[in-house]
Amino acid sequence: MTVASESATLESALRQARLPGVRHFRRTLGLVVPGGILALFVFTGIFAPLLALQDPREVVLVERLQPPVWQSRGSWSHPLGTDQLGRDILSRTVYGARVSLLVVAVTVPLSAAFGSLVGILAGWRLGLFDKLMMRVVDVQLAMPAILFAVLLAAIFGPSLRNVILIIVVWTWSAYARVVRAEVLSLREREFVLAARSYGAGTLWLLARHILPNVLNPILIVASLEVASVILIEASLSFLGVGVSLGTPSWGSMVSEGRHLLTTAWWLVGVPAAAIVLVSLSGNLFGDWVRDALDPRLRHVR
Amino acid sequence: MTFLRLLSFRLVAGASVVFTVVTVVFFVSRVIGNPVSYLAPVDATTEEIERIEEAYGLKRPLLVQYRDFLWDAARLDMGRSFRTGRPAVEEVKDRAGKTVQLGVLALAFSLGLGIPLGIVAAIRRGSLLDLLARLMALLGQAVPGFLLGLLLIFFFAVRLDWFPTGGAAEWKSYILPTITLGTLTSAGIMRFTRSGLLEVLGSDFVRTARAKGLHERTVIWRHALRHALLPVVTLLGIQAGRLIAGSVIIETVFAWPGLGRLIIGAIQSSDYPVVQTGIILFSISIVVANIIVDLSYRYIDPRIRAESL
């Protein structure tokens, strides 16, 4: 078969894939698969101590570098193999999910709350506060999260607290920008003017008329941020400026295993698969949330 | 507004951002952090700590220290590296060249990949290429830079042995780091080109151009594309930051002898002046990149050129 006819077949197959029934199926699949992976991620993160078969830090040198069970020397006692210190990869990956989940669970609500508050105030008051906010964003753009993480790690040594601080400081502005833009258009709308005309106070206006209308954008940004928070945490841990040394996290697992890539691929392969699966699912899920709640916000990402 | 006035306006704004970054670096290290903890050995006695505080002027009022820090920074004196004893500015200068090389190559690669792919994806909307492009964009958002780098090393350096696994010794060593860093930014450029072009293709002036009987190629290249690429230019300013943040990671993966790896190495040996200098230099380059983008944007788009700032 020539390349041209092959691509023609594929194209007609794609066209068929856009038929209503197939499309509905695809859309459901597009929610169920990423949703399922995310649910599994949350579940393992919460119940890691109950699920992990072994202590993720237990060093058993005689059992080091065992391959996963499906390879010739693998065994069921370590289904995903062991690392260079004989620590169980499966249980380290499960505990790594716990670190990622913890970081997401703390930073996303924190920066959503802070960013939205700033966005509402900036969009509502404009003026000096608004200008100040834009300045702060300028400085942030000039000093990427990684550099600030490097600075903090140089001073305090790596820790989970640093990671959380950095991620909040570097993600709140996404919420602030989107919320500010929404508020700018909302404040001129008839229902807000009407509420004003009968004498509603600022607090009442913000709480009853503005806030309910910016909840959807906030939710959308938050769901899209989940994946990027996971990637930031993994990157920081990979560089050794993330969670403290010794804590099993996906990024540090990749970093520790990378020198053995040729002889023991699973040291990098397993945590890498976890990172990509979860962040991909997070992105797909975020896209789904956005399309379901407010397709206008496609420009958000 | 004349070009010179615009330029000076931008430079002042940029300088204020750099000034803020320097201030943040100072206060984070002196107020939140305790300088003695990184200046003194772990087992230092009280007298030794006294002596260090005396030598570095840490007992003076904070604002006096801040003033001196600014004054030294303005004269490019950032102290000496704890590790080599050479001035930190010299250390950083030696490594900056390699990082700039990598950054420029990666930028060229991501434009060369992202823009054509975005154009094809927009013109042949729904085709296999479009699907591939969107798949690439999706993966580009889900695969962190260090994983992409390791993956490329595994297949092209170890398995196939086409390229070295790291370093910057020969021209071949440039290829994998360039592809890794460039791919990170090309996904965004591709998406902006595609959505920009799709938007423009439905607009009145494109319909007019077609109605005049212009060749489709002329319509796209001379009319639609020029318009569609404006947001891509804006995006480049943001990508400058990404490239630099990415270079810290990519240099670590590929053992690239650049600034990013210098800084990461400096952390491990608590070489604080070098970390500080490197961060400030990175920030300055991001600010400069944004000024260039901003000015060229105003130059490219006649509507903005006509407006007064």
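Does Phe3(B), with its C-beta neighbours inside 10 Å, count as buried or exposed, and how many such neighbours are there? Phe3(B) counts as exposed because the number of C-beta neighbours inside 10 Å is 11. A residue is buried if 20 or more other C-beta atoms lie within 10 Å of its own, exposed if 12 or fewer, and partly exposed in between, with C-beta atoms placed from the backbone. Phe3(B) belongs to helix H1 (residues 3-32) of chain B. Helices are DSSP runs of H or I with at least four residues, numbered from the N terminus.

This is a predicted model, in which local features need pLDDT of at least 70, side-chain atom pairs count only at pLDDT 80 or more, and totals for chains, interfaces and linings use all residues. Residues are numbered from 1 along each chain as its sequence is written, and chains are lettered from A and ligands numbered from 1 in the order in which they are written.

Helix H12 (residues 259-268) of chain B has 8 of its 10 residues buried, so it is largely enclosed by the rest of the structure. Among the buried ones are Leu259(B), Arg261(B) and Ile267(B). They pack against H5 and H8 of chain A, and against H5, H11 and H13 of chain B. Just after H12(B), Ser270(B) has a positive phi of about 50 degrees.

Between the chains, 37 residues of chain A are in contact with 39 residues of chain B; contact means C-beta atoms, placed from the backbone, within 7 Å. H5(A) gives the largest share of chain A's side, 9 residues. The table sorts that side by class.

| Class | Residues of chain A |
|---|---|
| Nonpolar (Ala, Val, Leu, Ile, Met, Phe, Trp, Tyr, Cys, Pro) | 29 residues |
| Polar (the others, Gly among them) | 5 residues |

Methods. Two residues are in contact if their C-beta atoms, placed from the backbone, lie within 7 Å. Helices (H or I, at least four residues) and strands (E, at least two) are DSSP runs, numbered from the N terminus.
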